[in-house]
Amino acid sequence: MRLRIFSCFFALLGVCLLQSVGANAVSASEIRHETIPSRYLSQDLSFLVYVPDGYDTSAQDYPVLYLLHGFGGNEQAWVQTGSIQAKADRLIASGAIPPALIVMPGCPRCWWVDGVREQAETAFWSELVPKVTSLFRTIDSREGRVIAGLSAGGYGAIHLALKYPDRFAAAAAFSPAIYSETPPAASAARIYSPFMGADGKFNQAAWTENNYPRLIDKYFTSGQRVPIYLVSGDHDKLGIAFETALFFKRIFDKQPDFVEMRVVDGGHSWAVWSAAVDEAMTYLFRFTAKPAQAVAARSTRNDVAQIVKPLAYPRH
């Protein structure tokens, strides 16, 4: 009897140890912090990078998600409030998405367009992306790059995806502040932002110039389509669910098979964004290349078409 009890005890202990090892294996990713001086912003550009388990022992290049926070946030937002590390760990472990890098830049007042005081769009392409490419093994082509963001970051994600469809495989926006005509009085776009004129007042012309209605016709004539995932809370008091639906209709008319929209119960809050990011990432990485054997000389890694077969994109 005593032998049977000890046998059961050690069997149970073994199961617990295996579960513990498995749990640790799932969460073996890292969050790394980087800061670079910026010529185009009023501050240094800090960013966090989610590095998946196995990256350091791999010889592969990885797809990259650029994940943008909202107005007033920073590079910590998606990690501390959005639980992005645990979510990415689970999705990769389950096979829902490939191992990938997630870059989270911090710029509290950025909408990722160029303004009078700060040129965040230029900083994104001239400073952030080249720095990420130099520090990490990335698939440095359209098939290796996706973008997503919330609120003001959602505005930025849509702006960049429509303006540069040759550089992004897919995009996602959570409660994007994409007011088709003008931002409401309560919007952060009307305070310190790239849409302010030299006099410090909101500049409607700057808003119109950078917003999607000005970009969408050229996007449609570009011959390239960026698959887009959208989500908004039905109780968003800034009216963003309605604005998102307007944008969805414009995109759906031209690429009905490559746009998704979700209207969920909730407001303009992390409860909506954190709950939606799993599905959004799963959608985004459907359109990226998988990790691929790295090019031998990093100085020549401007295009990985030679090692990654380009994906077929719809043309309408």
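This is a predicted model: local features need pLDDT of at least 70, side-chain atom pairs count only at pLDDT 80 or more; totals for chains, interfaces and linings use all residues.

User: Fine. How many helices and strands are in the protein?

Analyst: The protein has 9 helices and 10 strands.

User: And what share of the residues is buried?

Analyst: Of the 316 residues, 51% are buried. The exposed surface comes to about 14,200 Å², with carbon and sulfur atoms supplying 55% of it.

User: What about contacts between residues at least 6 apart in sequence: what share joins residues at least 24 apart?

Analyst: That share is 76%.

User: OK, helix α5. Is α5 mostly covered or mostly uncovered?

Analyst: Mostly covered: 11 of its 12 residues are buried. Among them are G153, G154, Y155 and H159.

User: How far does α5 reach from its first C-alpha to its last?

Analyst: Helix α5 spans residues 152-163 and reaches 16 Å, close to the 16 Å expected at 1.5 Å a residue.

User: Switching topic. How many disulfides does a search of the whole structure find?

Analyst: It turns up 1 disulfide. C107 is joined to C110, with 1.8 Å from S to S.

User: Which hand does the link of C107 and C110 have?

Analyst: The C107 and C110 link is right-handed, with 45 degrees about the S-S bond.

User: Are those cysteines, C107 and C110, buried or exposed?

Analyst: C107 counts as buried because its relative accessibility is 1%, under the 20% cut-off. C110 is buried too, at 3%.

User: Now salt bridges. How many are there in the whole structure?

Analyst: The search finds 11 salt bridges.

User: Which residues are linked with E30 in a network of salt bridges?

Analyst: R32 and D56 are linked with E30 in that network. The side chains of E30 and R32 meet at 3.2 Å, N to O, and E30 is partly exposed with a relative accessible area of 37%.

User: What about R214, which residue does its side chain meet in a salt bridge?

Analyst: R214 pairs with E209 at 2.7 Å, N to O. R214 is partly exposed at 45% relative accessibility, and E209 is partly exposed at 44%.

User: And E279, which partner does it meet?

Analyst: E279 meets R262 in a salt bridge, 3.2 Å from N to O. That pair links distant parts of the chain, with E279 in helix α9 and R262 in strand β9, 17 residues apart.

User: How exposed are E279 and R262?

Analyst: E279 is partly exposed, with a relative accessible area of 38%. R262 is partly exposed as well, at 27%.

Note on methods
Residues are numbered from 1 along each chain as its sequence is written. Side-chain values use heavy atoms; hydrogens and water are left out. Helices (H or I, at least four residues) and strands (E, at least two) are DSSP runs, numbered from the N terminus. The expected span of a helix is 1.5 Å times one less than its number of residues. Buried means under 20% relative accessible area, exposed over 50%, partly exposed in between (1.4 Å probe, protein chains only). A disulfide is a pair of cysteine sulfur atoms within 2.5 Å. Contact means heavy atoms within 4.5 Å. Accessible areas come from the Shrake-Rupley method with a 1.4 Å probe; for residues, only the protein chains shown count as cover. A salt bridge is a side-chain nitrogen of Lys or Arg within 4 Å of a carboxyl oxygen of Asp or Glu.
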